[in-house]
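Subject: Handing over a structure

Dear colleague,

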Amino acid sequence: MPNIGIIGAGIGGLQLGLQLRQHDIPVTIYTDKTANQIAGGRLLNSVAHHGPTLERERILGVHFWPVEEYGYSCHHHYLGGDQPMSFRGDFTNWSSAIDYRLYLPKLSEAFQERGGNLEVRMLQADDIEPIAARHDLIVVAAGRGAFASMFPRRPDLSPYDTPQRALSVGIYRGIAESEPRGVTISTSPGHGDLLEIPMYTEDGFLTALLFENIPGGDLEILAKMSYDDDPQAFNRTVLDKLARHHPQTFERVDHTQFGLHRSIDLLQGALVPTVREDYAKLPGGKFALAIGDVHTVVDPLLGQGANSASHSAWVTGEAIVEDLGFDEMFCTRVARRRADVVLGAAQWTNLMLAPPAEHVLRLFEAMNANKAVADEFTHNFDHPDRQWQILATAERTNAFLARHGIESAAALAV
């Protein structure tokens, strides 16, 4: 029976640990925070879980927030500019957004109840060999800190060396839900995007506003302005930016109630989208496999990061159960099996961070005119590999549109 060590207790590490415990495989997860520290801490993210991730939760017996009650059914799109576009795309399978300060502690509890070992302590890079000596395989699922440097950056899949967005995500009160309940994806050309997400928190449903602001644009201030210095000024600034750039969200604001829910419900910063090598050989001869953020840092623009980590963890768990050893052959098998989905998510996201190419604009014009196109695009948030197959080149996008009977720009107006 193999013995597996996992560094990091995010969605990837916890789902992998739960999957292995279903097969009675000994697992230790190493993390630097207790469940109580996570539950009482600052906002971690604005993660949405799409259909395949929720199905894995059902299989693992940790679908604690049934999507029928806590989920949402669609994306509402708004593209500003001289000729604004507004349209909706419906999911085949609903998605949901649960505050990770609820989600991660609950999964940690389930992992321990099922015989998993959780060790809470701060780890440094030189701890890796002593930990590896205790296990047959180390899976690194912690994207920050010293462990990322174990896996060299892949320049062929990492087109950016600086952040492409200045990020501000907070949980706000005083915004009425869209109808039907869904995520609003609003674009202000030259300034950035907003994802308005119905999120379930310890205080019930509230609204997460993820501002994806282009550096140098009018919205960048939201990533730099301090809430604690002047809460009223911060809230007024957010309202002003909604009015100027994201009108579909602004029109549902109750101005007497609007504001950041709590000071700890705000996260500001930036990240560099990065793809790293899949695995590393340790000095003692064993291997460390990268999953989640340590393997692919994905901008949250399309909500793919956690879902990519969940997929990567699932593929890794299947391989651990099936394989005969944990050598380089094992690592390359995992890398091949997850590549389409994980790298597809990274490449699709990186494409959408750039100024829109002509074929991307044409696709959005088609979605505005043809709901079947919008629905298929929305469904493919579950399948980033399929989305990337559509968007990778203009020829592929044109072939996709032709399948929907859209042969020319003139046909879009029909």
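The notes below take up a helix, a set of paired strands and some salt bridges.

Please keep in mind that this is a predicted model, in which local features need pLDDT of at least 70 and side-chain atom pairs count only at pLDDT 80 or more, while totals for chains, interfaces and linings use all residues. Residues are numbered from 1 along each chain as its sequence is written, and side-chain values use heavy atoms, with hydrogens and water left out.

Helices (H or I, at least four residues) and strands (E, at least two) are DSSP runs, numbered from the N terminus. Helix H9, residues 305-322, has 18 residues and spans 26 Å from its first C-alpha to its last, close to the 26 Å expected at 1.5 Å a residue, where the expected span is 1.5 Å times one less than the number of residues. Of the 18 residues of H9, 14 are buried, a word that stands for under 20% relative accessible area, with exposed meaning over 50% and partly exposed in between (1.4 Å probe, protein chains only).

Strand S7, residues 166-173, is largely enclosed by the rest of the structure, because seven of its eight residues are buried. Two strands are taken to pair if DSSP finds at least two bridges between them. S7 runs antiparallel to strand S10 (residues 204-213), to which seven bridges join it, and it also pairs in the antiparallel sense with strand S12 (residues 266-269) over four bridges. Valine 169 has leucine 210 as its bridge partner in S10 and stands opposite leucine 267 in S12. With strand S11 (residues 259-260), S7 forms two bridges, again antiparallel, and there arginine 173 stands opposite glycine 259.

The whole structure holds 24 salt bridges, each being a side-chain nitrogen of Lys or Arg within 4 Å of a carboxyl oxygen of Asp or Glu. One of them joins arginine 101 and aspartate 265 at 2.8 Å, N to O; this pair links distant parts of the chain, 164 residues apart, with arginine 101 in helix H5 (residues 100-113) and aspartate 265 in the loop between S11 and S12. Arginine 101 counts as buried because its relative accessibility is 5%, and aspartate 265 is likewise buried, at 0%. Another salt bridge is formed by lysine 224 and glutamate 220, whose closest N and O atoms are 3.1 Å apart; lysine 224 is exposed at 61%, whereas glutamate 220 is buried at 17%.

With best regards
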